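Visitor: I am new to this structure. Could you show me how to read the way its helices sit together?

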Amino acid sequence: MTNKQINRERSVYERAVEKLSEEEEADKLFVAFAEFEERCKETERARCIYEYALNHIPKGRAEELYKKFTAFEKRCGGGEEIGEVIAAKKRFEYEDEVRKNPMSYDAWFDYIRLEESVKDNKERVREVYERAIANVPPADEKRYWARYLYLWIKYALYEELEARDMERTREVYRRCLMLIPHKRFSFGKIWIMAANFELRQMNLTGARKILGNAIGMAPKGKVFVKYIEMEMRMGNLDRCRKLYNRYLEWAPGSSFAWKKYAEFEEHVCQTERARAVFELGIGQKVLDVPEDLFKAYIEFETSQGEYERVRALYERLLERTQHLRVWIRFAQFEASLVSKEEEEEEEEEEEGKEEDEDCIQQKKLCVARARRVFERALEYFRTIGANLREERAMFLEGWLKIEKSFGSELGDVSLVQAKWAKKLKKRRPIIKIVPVRLEAAAYEECIDHMFPEEAQSHTTNLKMLEVAYKWKKQKTAE
């Protein structure tokens, strides 16, 4: 084929594209035109034709065109060209998906990942991010915003870590914080991330301003913790105390806040301040988890060696709840003092016989105190908590372990064995709820416990039944 013939045929294809590019079968025309250029060794011309066609033909009619383009790149292009073809195809699919449903944030995430995988594509990536974040959730409800917020977070991290544009990163955080309806709900995560960014830029004032705005507009526990942690690292103890006071004004019933404040004072060696904070905390009328605060207070006093204070705290806790774990911990505390006495005895290398006898007396006193706690708890489970049979059995198991830990000299397992429960297998009905009444649908096996005082009563009842049976038999014989 001569050059003149090639130019004539190319001219015909160009006129056909101008006239028929909007027709339904235009994709076949573009493919034929591109294959003609490929036969003429005009690879770049063929590539331009494929790209033009893909940008102008709707997705529904472009599937065959994509296959032809991919095959062309495999024949004539390198690895990068093939990657661009695949990316272009994926881009076409994502464009169609986000056009149909702009609120599909998962589709936007996939689209963004695709653009980020392409080299030297910053402007295109930013364009997709801007289009994605423009789709604000229609309702001011937090559950709708949670997924959307991660678009902003991903955008900010891209600008900071990939694009290395700190001003744009700061602007992304600012726009995001302005968009969130903080009067309805807020996200502590985004406040903290913005503050951490400013800290990475050595902008302490900016970080304080962000966290201060967070506390003023939408206070959250994690924001307080972050702000206090930052000031603690800077050594600003007075600022930390002011922030803890603000924290407790906002959440006076938070056991976590009281505990963290007391731990802060203990950390800076302010024992009396820590004790005062604990006292204020457990004195609150309403606490979300009072057991946690009591536990922290008890551990604090134990570490200080204030054992009488610990006992008083356990008594105050038992006034609030007589849970099995409280009783066991109280008894374990008293039992732990025995081992501490033994450690002190080992450390005293030059003590005489009189001191040894004092140590033995102290250990016996600790054992007696632990047993008193167990006896009190057992009395509670025997009377007020009579229905807590499983808990009573578990409590006796705990008592037995502690008696064994005392050793043969101080321990007495017979005290527990005399109160030990006998396990019984019983059948109980599985209650089925029907609209009008309750009825037993089936039976299941369960383990019950019979305690010594119940065993005696059970034996007496059996004897009475036996006597009654003999009397009835005798009457029948007469």
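This is a predicted model: local features need pLDDT of at least 70, side-chain atom pairs count only at pLDDT 80 or more; totals for chains, interfaces and linings use all residues.

Visitor: At what angle do helix 8 and helix 9 pack?

Guide: Helices are DSSP runs (H or I, at least four residues), numbered from the N terminus. Axes are lines fitted to C-alpha atoms over the stretch in contact, and angles run from 0 to 180 degrees between N-to-C directions. Here helix 8 (residues 142-162) and helix 9 (residues 166-179) pack at about 165°, with axes 7 Å apart. Helix 8 is therefore roughly antiparallel to helix 9 (an angle over 145 degrees).

Visitor: Which residues of helix 8 and helix 9 meet?

Guide: Contact means heavy atoms within 4.5 Å. Among the residues that meet are Trp145, Tyr148 and Trp152 in helix 8, and Val172, Tyr173 and Leu179 in helix 9.

Visitor: Which residues of helix 16 are buried?

Guide: Buried means under 20% relative accessible area, with a 1.4 Å probe and protein chains only. In helix 16 the buried residues include Leu293, Phe294, Tyr297 and Glu301. An α-helix has 3.6 residues a turn, so residues three or four places apart point the same way.

Visitor: What covers the buried residues of helix 16?

Guide: The cover includes helix 14 (255-267), helix 15 (271-282) and helix 17 (307-320). After helix 16 comes Gly305, with a positive phi near 75°.

Note on methods: Residues are numbered from 1 along each chain as its sequence is written. Side-chain values use heavy atoms; hydrogens and water are left out. Helices (H or I, at least four residues) and strands (E, at least two) are DSSP runs, numbered from the N terminus. Angles under 35 degrees count as roughly parallel, over 145 as roughly antiparallel, 65 to 115 as roughly perpendicular and the rest as oblique. Buried means under 20% relative accessible area, exposed over 50%, partly exposed in between (1.4 Å probe, protein chains only).
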